[in-house]
Amino acid sequence: MAATESYPVNLKYHREHDWARIEGGEAVFGITWKAQDMLGELVFFQPPVVGSTVAKDGVYGEVESVKAVSDLVAPLSGKVIAFNEKVQSEPESINADPYGEGWLVRVQLSDPGEAEALLDVEAYKQLLVEE
Amino acid sequence: MPELKRTPLFDRHLALGARMVPFAGYEMPVFYDGLISEHKAVRSDSGAFDASHMGLLEVDGPGAHEGLQRLLSNDLDRIRPGHAQYELMTNEQGGIVDDLIVYRRGAESYLVIVNASNRESDVRWLSERLPTGASLRDVSDDHALIAVQGPGALARLGLEPAPTFTFAEVELFGVSCTCARTGYTGEAGCELICAAENAGKLWDGILAAGVVPCGLGARDTLRLEACLPLHGQDITPETDPISAGLGWACALAKEFTGVDRLRAISAEGPALRLVAFVMDHPGIPRQGMPIVPDCKVTSGTHSPMLDMGIGMGYAPARKIEPWSMLTIDVRGRPLWAKVVPKPIYTSSRNYTDTQGEWLRRGRY
């Protein structure tokens with residue numbers, strides 16, 4: 001079941017429709033409601049290897065719907081410490097709950113200061129209007 | 001960008017909340033509630049598709065039969081009025097200009113349904129080659145075409161079962177239509193052709209009977225599970241029917257455009273064949289991905305019924321036996337896929353049906 005459109009205020013947003021929830025020196029990444037809505041029902045999640053490093057604005061994995069493939073873009077740099085195994089077996093969790101059950105990876109941040117370059121919720125919503 | 005055309009059911013699609021996309025010059029629904037649930041509705045019961053973007057051509061008059069017989073691959077002498085036949089329209093090299101279904105209405109009268117993307121080029125191709133006595137009319141814009149597909153489709157419409165590839169005039173929900181036992185999902189069902197102005201009434205009746213509206217997304221996944229080729233992807237002017245496994249629709253004993261070449265390919269055996277495959281690893285094959293080393297996936301998707309990646313593509317003759325392994329390059333990840341018998345999946349048959357038999361024979 002698809003979630004209703006929402007953009008939590010406690011997240012930071014990347015213009016490629018990815019989000020980050022910063023928790024101390026770590027962050028959780030996922031894709032926004034808009035991203036899952038554009039893709040449609042998700043059926044596949046290709047996670048990064050745990051222990052690998054991801055760079056801000058770089059591709060760290062893929063999600064696919066029946067019709068389309070999308071790169072996952074890292075909002076921040078760091079080392080992958082976990083990915084969501086439930087999403088790997090049930091990718092539809094991303095559609096149902098993109099900010100909760102549908103989280104994708106947890107990262108140990110290498111440069112928390114990078115977060116300043118991300119969008120806050122108002123700026124991200126403005127981007128959606130402009131697109 | 002040229003203005004997109006709308007089918008007579010456009011307003012119905014918007015009212016149902018469809019996600020609309022451009023396809024073959026039309027603004028068409030890709031899904032309503034969700035592709036996967038629509039797909040499963042067709043496999044388990046019934047779904048309705050607006051296929052009004054397809055090209056409807058009427059070919060009538062003296063020479064119509066002989067003319068089509070020389071341009072199309074199958075033997076039209078084998079069908080009587082009220083019967084339909086699958087055809088390839090081939091060029092001089094045996095390449096596939098289009099695939100289509102002819103509906104024989106009379107001795108010299110045919111309805112021809114062609115792919116939306118090829119409608120204009122097909123009209124040109126046919127009008128340049130049909131004898132002068134035969135007339136060709138493109139009646140697409142005057143009609144709607146609604147496909148109702150699935151094991152429960154005919155019962156939902158109150159229609160008696162009839163042999164596939166037959167058609168009759170019927171009245172459904174107060175609308176006169178041609179009801180053909182044809183389709184593009186691998187399931188039983190029908191395709192209904194009615195006057196454009198009656199399309200809404202017919203559509204409303206079909207949905208009120210409990211048939212689920214389905215978009216082009218499910219149409220593509222259903223046809224690929226059933227291993228029905230899509231022109232422009234699996235078959236093209238550069239590929240021939242023999243290599244595509246469509247030799248059954250080619251009457252090589254008769255004369256038609258490109259037949260000499262097709263006889264030669266048939267006699268020699270094609271170098272490549274269109275095979276169906278399922279992925280052995282998580283991953284979804286997509287059109288254009290390499291089948292290592294030098295072939296390509298022509299259609300690929302995620303199978304909603306099998307919950308895994310499936311596809312079709314051309315493979316060398318030594319790789320065409322079921323259970324042969326292929327390597328597919330999925331964006332840099334080389335993944336195993338296994339060749340399987342067609343169809344990959346329909347409600348009545350799927351590729352695992354014959355697995356035991358093949359393994360017993362040691363042919364893997």
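In the hairpin formed by β18(B) and β19(B), two residues lie between the strands, and Arg331(B) there takes a positive phi near 45°. Strands here are DSSP runs of E with at least two residues, helices are runs of H or I with at least four, and both are numbered from the N terminus. The model is predicted, so local features need pLDDT of at least 70 and side-chain atom pairs count only at pLDDT 80 or more, while totals for chains, interfaces and linings use all residues. Residues are numbered from 1 along each chain as its sequence is written, and chains are lettered from A and ligands numbered from 1 in the order in which they are written.

Strand β18 (residues 325-330) of chain B pairs with β19(B) in the antiparallel sense over six bridges; two strands pair if DSSP finds at least two bridges between them. Within this pairing, Val330(B) sits opposite Arg333(B) of β19(B). Strand β19 (residues 333-340) of chain B is also joined by four bridges to strand β14 (residues 272-279) of chain B, and these two run antiparallel.

Now for chain B as a whole. It holds nine helices and 19 strands. Its C-alpha trace spans about 55 × 45 × 45 Å along the principal axes. A compact globule of 364 residues would have a radius of gyration near 21 Å, and chain B agrees with this at 20 Å; the radius is taken over C-alpha atoms, and the globule rule is 2.2 Å times the number of residues to the power 0.38. Of those 364 residues, 49% count as buried. Buried means that 20 or more other C-beta atoms lie within 10 Å of the residue's own, exposed means 12 or fewer, and partly exposed is in between, with C-beta atoms placed from the backbone. Among contacts in chain B with a separation of 6 or more, 68% come from residues 24 or more positions apart; a contact requires C-beta atoms, placed from the backbone, to lie within 7 Å.

Chain B is assigned domain 1 (10-47 + 141-225) and domain 2 (272-360), with bounds that come from an automatic or database domain assignment. The C-alpha centres of these two domains of chain B are 28 Å apart. Where they meet, eleven residues of domain 1 of chain B are in contact with twelve residues of domain 2 of chain B. On the domain 1 side, the elements giving two or more residues are α2 (35-44) and α7 (216-225) of chain B. By class, that side has three nonpolar, three polar and five charged residues. Here Ala, Val, Leu, Ile, Met, Phe, Trp, Tyr, Cys and Pro count as nonpolar, Asp, Glu, Lys and Arg as charged, and the others, Gly among them, as polar.

Helix α2(B) is mostly covered, with seven of its ten residues buried. These are Leu35(B), Ile36(B), Glu38(B), His39(B), Ala41(B), Val42(B) and Arg43(B). Their cover includes β2 (26-31), β3, β9, β13 (212-214) and α7 of chain B.

Another helix, α6 (residues 199-208) of chain B, has Ala199(B), Leu202(B), Trp203(B) and Ile206(B) as its buried residues. Viewed down the axis of α6(B), they fall within an arc of 100°, so they line one face of the helix; the arc is that of the directions from the helix axis to the C-beta atoms. This buried set packs against α1 (10-15), β3 (47-50), β9 (143-149), β10 (167-172), β11 (175-180) and β12 (189-195) of chain B. After α6(B) comes Gly210(B), with a positive phi near 95°.

Chain A comes next. It has four helices and nine strands. Of its 131 residues, 44% count as buried. Strands β8 (residues 78-83) and β9 (residues 105-109) of chain A are joined by five bridges, with Ala82(A) opposite Arg106(A).

Finally, the two chains touch: eight residues of chain A are in contact with eleven residues of chain B. The chain A side has four nonpolar, one polar and three charged residues.
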